[in-house]
Structures are given as structure tokens and as C-alpha cells.
Amino acid sequence: MTPPRTPDRSAPSRRGVLFDVDGTLIDSSYLHTVAWWHAFNQAGHDVPMHRIHRLIGMGSEQLIDELLPADRDRDGDDAIGAAHGALFSVHWPGLKPTRGAAELLRRCTDAGLVVVLASSSNVTEVAAMREALGSDDLLTAVTTATDAEHSKPAPDIFAAALEAGNLRPEDAIVVGDARWDVESAWKLGLDAVCLTSGGISETELREAGAVAVYADPQALLDDFENSPLGRLVPFRKTFTYCNP
């Protein structure tokens, strides 16, 4: 993989986009759901898939806490998380970007926006998703679970992404697919644009506080100029046409 670009710390008026990866740029939300279901089942826990799916995007520890009884033997939690990782890794060779994902990243870069991947996944999972995305040349920085003490819905991942991209909250926006992205962003004063490509409804995402909702990266790309991302573009030119 090509190393991400080195941020220019002296550049004025840097503006950028912090992209979640799972479900946003990579079509993986349902693969994670199935992997978690098998991991819980192997550990003797009967957890319905619909409950798991609604929590995808949340950090592993928080997800397990939400889905299992509080009085459980927590010594098995690490094994469940490891089983999920192993089961999900089977799908790495077949991972696919969501529709228009790479093209949206390029549009952001061409418009002068800094692009940072902000994922709660571990380094190896993010590496597999970066390989599937094939857009490392467009990235300024990449943050993973190792860059944050607490995962989503805590704001740590996006705080690390802001730092990595040399961005201020008022000069950046989040693109994600889950309410956890919105909640994490809100805690830092960041707006969040959401996509329904992760399987969460537009209604739920708007109720969580998303400033705009699109079907997938392609739909956001098609409306780029009118979207919150387009309004973030530095030095937007306006033209006045006069009749001769």
C-alpha cells in the first residue's frame, strides 16, 4: 500500500473530511454482523442478528457490553472479540467498496480537501479495507483503534483524525453510516453527513443528528456541490455573468 500523504502543517485554512470506513466506504456492515453472530454463538450466547446489526460501528468492548448480560463472566469477552476478528478476516479477499467510494475521495482531494480515514477497527482490518479501496494516494492520514483509548461512540477516533490531518473541528466534517459516527462527531463540535449504505435508515440517522443523509458515496458525489462537503471547499469561486 502507498503510505498516506504527509500533512503540510504550515498550510493555511486546511479543511477536510473524516471518513468512517466500515459501511461507509467498504460494504462490510452485514459481514461484521454475521461474524459477530457466529462469535457469540461459539461462546454460547444467543444474540439475534438484528440487535447486532444496529450496533455495528460501535467499538468491540461497547458492543459486547450492550448485547450480553451485565452479570456475565467477562473473562470470555476477549475471546469473543478475537473470534469476531478471525471470522471477519475470512471475508477480506472479497471486500468491495461501496458505490462511488473511491470517486468521492478523489473528488474531495481534487477540491482541495484533506481526506482522513477514521476507523475504530484494528490496524490489520483497516489495512485489508484500504487494499480493497485502492485509494491510498488520496489519503492524508489514517487512524485506527490503536490511536484512541476509547472507541465510538466516544470521540477519541475523530479527535485523533483531526490531529492527524492538522484540522480544526470547525474546518472539518464527518462522513459515516451509523448513529455512533454522529454521536462521536457531535461531542467534538463536528457535523456529520451519513449514508444509508450501512443499513441504518435515513429517519434514524437524521434523528441522531446527521446534517444530511445520502444513499451511498455515489449519491453524495452526485450532489457534491450542494452538499455540506461542497460548502466546505476552500476558496469556492463564484461567477457573475453580465449580458453584453
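Two strands are taken to pair if DSSP finds at least two bridges between them; helices (H or I, at least four residues) and strands (E, at least two) are DSSP runs, numbered from the N terminus. The structure is a predicted model, in which local features need pLDDT of at least 70 and side-chain atom pairs count only at pLDDT 80 or more, while totals for chains, interfaces and linings use all residues. Residues are numbered from 1 along each chain as its sequence is written, and side-chain values use heavy atoms, with hydrogens and water left out.

The pLDDT, the predictor's confidence in each residue from 0 to 100, averages 91 over the protein chain, and 91% of the residues score at least 70. In residues 237–244 the pLDDT is below 50, and this stretch has 0 contacts (heavy atoms within 4.5 Å) beyond near neighbours in sequence.

An open sheet of 6 strands runs in the order β3-β2-β1-β4-β5-β6, with parallel pairing. Its edge strands, each pairing on one side only, are β3 (141–143) and β6 (212–214). On average, neighbouring strands of the sheet are turned by 20° against each other, direction ignored. Between β2 (residues 114–118) and β3 there are 3 bridges in the parallel sense, and Ala118 stands opposite Thr143 in β3. Helix α5 (residues 101–110) lies across β1 (16–19) and β2, at about 155° to β1; axes are lines fitted to C-alpha atoms, for helices over the stretch in contact, and angles run from 0 to 180 degrees between N-to-C directions.

A nonpolar core is a set of buried Ala, Val, Leu, Ile, Met, Phe, Trp, Tyr and Cys residues joined through side-chain atoms within 4.5 Å, where buried means under 20% relative accessible area (1.4 Å probe, protein chains only). The largest such core has 36 residues, of which Phe19, Cys108 and Leu229 touch the most other members. Beyond its neighbours within four places in sequence, Leu229 is in contact with residues including Val17, Leu104, Cys108, Ile173 and Phe224. A second, separate core of 23 residues includes Val174, Ala185, Leu205 and Ala210.

In helix α8 (residues 179–186), the buried residues are Trp180, Asp181, Val182, Ser184 and Ala185. Among the elements covering them are α7 (156–165), β4 (172–176), β5 (191–195) and α9 (202–208).

One aromatic pair is found in the whole structure; rings of Phe, Tyr and Trp (its six-membered ring) pair if their centres lie within 6.5 Å, and planes under 30 degrees apart count as stacked. The rings of Trp36 and Phe40 have centres 5.6 Å apart and planes at 25°, so this pair is stacked. Both residues lie in helix α1 (residues 29–42), 4 residues apart.

Key. Buried means under 20% relative accessible area, exposed over 50%, partly exposed in between (1.4 Å probe, protein chains only). Rings of Phe, Tyr and Trp (its six-membered ring) pair if their centres lie within 6.5 Å; planes under 30 degrees apart count as stacked, over 60 as edge-to-face and the rest as tilted.
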